[in-house]
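I opened the structure and kept short notes on each thing I looked up. They follow in the order I made them.

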Amino acid sequence: MKSNNIEGKEIILYARSLAPSLGKKEKLIVNFISNQYQELAKMTISSLASHLNVSESSITKVCKKLKCEGFYELKHAIADYLENGETAVSDEMQEDFDHEDDNETILEKVFFNSIVALQDTLSVINRQALSKAINALKNIQANGKLVLVGNGGSGVLCEDFQHKLLKIGIFTVSYRDSHMQLMGAALVKKGDVVLGISHSGTSKDVIDIFKLAQEKEATTICITNHVKSPVTEFSDIVLHSSARNSPITGENAAARIAQLNILDVLFTVLSLNQQNLSYENLLKTKESVISHRT
């Protein structure tokens, strides 16, 4: 009997997200679970332990970290998943790029990897956490602040979110300079929200800003691809994307698409929350830039 009714697909995706935060032996086990789950469904715990040269107790410990009571529950959840003919997390379907790929093949692989990232993120994102994030943003007072933080590609996502929110009359603070980010975080207060994006969850700048924001009693929301990464320790709300690694484009290429969609969900809800005012502000902001178009 499944204690949390967790499905095989959830286990596989969660294992991939959890792997970076684990030690060498546990990482070996979760990598096997997430990448060779077809074989695992046919194995016993003793044969898996022998194959990986780890103890059965280590496997059981990992199973518990994956929200299962033990190996039996995990194995049967994955077996049920395979029996249903699901393919969304199939390793065969998510191919790596090759130097011999022609342009058509690369086109299909890039788009497919993004589609899989979206499907997988939809499967794993915590609905309760999403609702909490939406409520925190809705409840920002008239004199309150929404601060957006992120570096590199994550910073680009913050700027895109800032741009969308401005269209409906919601002003945000977004700095690319780490010193200015810290200065902004030093001035937040209870009722303010700091939303940070860190794909790896190990960005020291975002972690330091979240620490400071929590000291000031602001609400911290992080969007990350790794569910147990360091930034989550200082996050009141965690929104988890799911994208696999590619040797060429890395994880964050497809993850950016998924994280952009998470931000679009937040934007859409906020826009509908004040529908009349949002529409009025959309017209105003659209009209303001008409003269700059040919």
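This is a predicted model: local features need pLDDT of at least 70, side-chain atom pairs count only at pLDDT 80 or more; totals for chains, interfaces and linings use all residues.

Entry 1, K67. I found K67 in the loop between α5 (56–65) and α6 (71–83). I then checked K67 against E10: they are 57 residues apart in sequence, and their C-alpha atoms are 9.8 Å apart in space.

For a pair I took L107 and Q141, which are 34 residues apart in sequence. From C-alpha to C-alpha, L107 and Q141 are 45 Å apart.

I noted two residues here. N53 is not a glycine, yet its phi is positive, at about 60°. I located N53 in the loop between α4 and α5. With a relative accessible area of 66%, N53 is exposed, because the cut-off for that class is over 50%. E217 is not a glycine either, and I read a positive phi of about 70° for it. E217 belongs to the loop between α11 (204–215) and β4 (219–224). Its relative accessible area is 53%, so I wrote E217 down as exposed.

At what angle do helix α1 and helix α2 pack? I found about 140° between α1 (residues 8–18) and α2 (residues 24–35), with the axes 8 Å apart. That angle makes α1 oblique to α2, because roughly antiparallel would need an angle over 145 degrees. I recorded the crossing of α1 and α2 as left-handed. On the α1 side the contact is made by I11, I12, A15 and R16; on the α2 side it is made by V30, I33, S34 and N35. Sorted by class, the residues of this contact of α1 with α2 are five nonpolar, two polar and one charged.

I went on to α2 and helix α4 (residues 45–52). Their axes cross at roughly 120° and come within 11 Å. That makes α2 oblique to α4, because roughly perpendicular covers 65 to 115 degrees. I noted that α2 passes α4 in a right-handed crossing. The residues that meet are L28, I29 and F32 in α2 and L48, H51 and L52 in α4. I counted the classes in the contact of α2 with α4 as five nonpolar, one polar and no charged residues.

Last, I looked at the chain as a whole. I listed 13 helices and five strands. The C-alpha atoms fill a box of roughly 65 × 50 × 35 Å along the principal axes. For 294 residues, a compact globule would have a radius of gyration near 19 Å; the chain has 21 Å, which agrees. Of the 294 residues in the chain, 46% are buried. I also looked at contacts with a separation of 6 or more: 68% of them are accounted for by residues 24 or more positions apart.

Note on methods
Residues are numbered from 1 along each chain as its sequence is written. Side-chain values use heavy atoms; hydrogens and water are left out. Axes are lines fitted to C-alpha atoms, for helices over the stretch in contact, and angles run from 0 to 180 degrees between N-to-C directions. Helices (H or I, at least four residues) and strands (E, at least two) are DSSP runs, numbered from the N terminus. Angles under 35 degrees count as roughly parallel, over 145 as roughly antiparallel, 65 to 115 as roughly perpendicular and the rest as oblique. A crossing is left-handed if the near helix is turned anticlockwise from the far one by less than a right angle, and right-handed if clockwise. Contact means heavy atoms within 4.5 Å. Ala, Val, Leu, Ile, Met, Phe, Trp, Tyr, Cys and Pro count as nonpolar, Asp, Glu, Lys and Arg as charged, and the others, Gly among them, as polar. The radius of gyration is taken over C-alpha atoms; the globule rule is 2.2 Å times the number of residues to the power 0.38. Buried means under 20% relative accessible area, exposed over 50%, partly exposed in between (1.4 Å probe, protein chains only).
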